[in-house]
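Welcome! Here is a short briefing to read alongside the sequence and the 3D view.

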Amino acid sequence: MNILQVIPQLDAGGAERTTLEVAEAIVAAGGRALVASQGGRLEGELKAVGGELFRLPMATKNPLVAWQNVSALEKIIRAENVAIVHARSRAPALSAKAACNRTGAHYVTTYHGTYNARSGLKRWYNSFMARGELVIANSTFIRDHVLSEHRIDEAKIRVIPRGVDLARFDEDAIDPDRVQALAEAWGIDGADPVVLMPGRLTGWKGQREVLRAYGQLHRAGAALPVLVLAGDAQGRDAYVAELEAIIAEYELNDGVKLVGHCSDMPAALMLSRLVLTPSIEPEAFGRTAAEAGAMGKLVIAADHGGAREVIIQADTGWRVKPGDVDELAATIEQALNLDETSYSGMSDRARMHVRQSFSTEQLQASTLRVYEEVLNSAK
């Protein structure tokens, strides 16, 4: 079973991480895990799990380059005897679908986001993610979105939630030296838990609202842990300057750390008392919240999208109205003032919920079943 996954890049992100996890499962099942991508910081991890990278400009939106990618993918499919092409993003999906049409390879997609359409052309562009023989939705929320956006048979959709590597996100498996090294790199006291907001620095993730909520609490005299914003700005210098201006406005100063990309998220979570994922736009799944839950960390997420499946309100964490700074501030204060018995109970329930519902092993097994289903079906 030779499977070719196509994805624009191999940098940090849920789709990229899932690509590696599925590659690992394909190899473990005796197949070859091929990936067509521009590559990125996760290339080494792909190689480590036995995956093979074919470097192509799959992130392009240039029609000419996309058309050239069709021929390049066709050559790979024929030369490597590829049975299934699995598209994980819109940019390469057009090329992948055309290459499958030429070669007769099976075509599967994973619908990783909402892909909002503001025009007929954009909806057509998005539709290539719904043209798989089977379409994987990474949450029930995304399944419903696909059905509302595209005229496809519900029987073609398989819901497979993103997975959490339970061995990696396990408190007992994390060397304290890793945690201490990260604390020193961030310039904080590792003995004092922090409030962590992971995620790339972009407006829809909600960093502005988090800073304003924290600023409100600071002005009210609350004793607050250090707030760490851990994420790559990806060149958004103007947005970083905006965040720094909010920090200065509320005189948060050293109470907030912008630490850039974090390559050791389990260690970061070990440092955390509370994790924030209050996105303004709905997340397809909410992997960060699930990873935090696997380690028994309590999460405040926005009350929309896949977070509704990951966070059980006031039982394993909290959900707040998207963009509501006042509600976010009040919930942060509530969470930080939770007594240890209540915190421990919620922590245990969060850990159990994630481990029962959102493991990497479940994602891998379910994806392999989709591949088998496609291979055994008539095109």
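Predicted model: local features only at pLDDT ≥ 70, side-chain atom pairs only at ≥ 80, totals over all residues.

Aspartate 264 counts as buried, because its relative accessibility of 18% falls under the 20% cut-off.

**Salt bridges**

- The structure holds 21 salt bridges, and a few of them are picked out here.
- In the pair formed by arginine 178 and aspartate 264, the closest N and O atoms are 2.7 Å apart.
- Glutamate 291 forms a salt bridge with arginine 287, with 3.3 Å between the closest N and O atoms. The two residues are four apart in helix 11 (residues 287–294), so about one helical turn separates them.
- Glutamate 291 is buried at 11% relative accessibility, and arginine 287 is buried at 9%. Salt bridges with shared partners join Glu21, Arg287 and Glu291 into one network.

**Strand 4 and its neighbours**

- Strand 4 (residues 84–87) is covered on both faces: Ile84 and His86 are buried on one side, Val85 and Ala87 on the other. In a regular strand, side chains alternate between the two faces of the sheet.
- Strand 1 (residues 2–6) runs parallel to strand 4, and four bridges join them. Valine 6 has alanine 87 of strand 4 as its bridge partner.
- Strand 5 (residues 106–111) is likewise parallel to strand 4 and joined to it by four bridges. Here valine 85 has tyrosine 107 of strand 5 as its bridge partner.
- From strand 4 the chain passes through helix 4 (residues 90–103) to strand 5, making a right-handed β-α-β crossover.

- Threonine 367 belongs to helix 15 (residues 360–375) and is buried, with a relative accessible area of 4%. Beyond residues up to four places away in sequence, threonine 367 touches Val22, His86, Ile136 and Ile160.
- Threonine 202 lies in the loop between strand 8 (194–198) and helix 8 (207–219), and is buried with a relative accessible area of 10%. Setting aside neighbours within four places in sequence, threonine 202 is in contact with Gln207, Arg236 and Tyr239.

How values were computed. Residues numbered from 1 in each chain as written. Heavy atoms only, no water. Buried < 20%, exposed > 50% of the residue type's maximum accessible area, 1.4 Å probe, protein only. Contact = heavy atoms within 4.5 Å. Pairing = 2+ DSSP bridges. Right-handed = clockwise from strand over helix to strand, strands pointing away. Salt bridge = Lys/Arg side-chain N within 4 Å of Asp/Glu carboxyl O.
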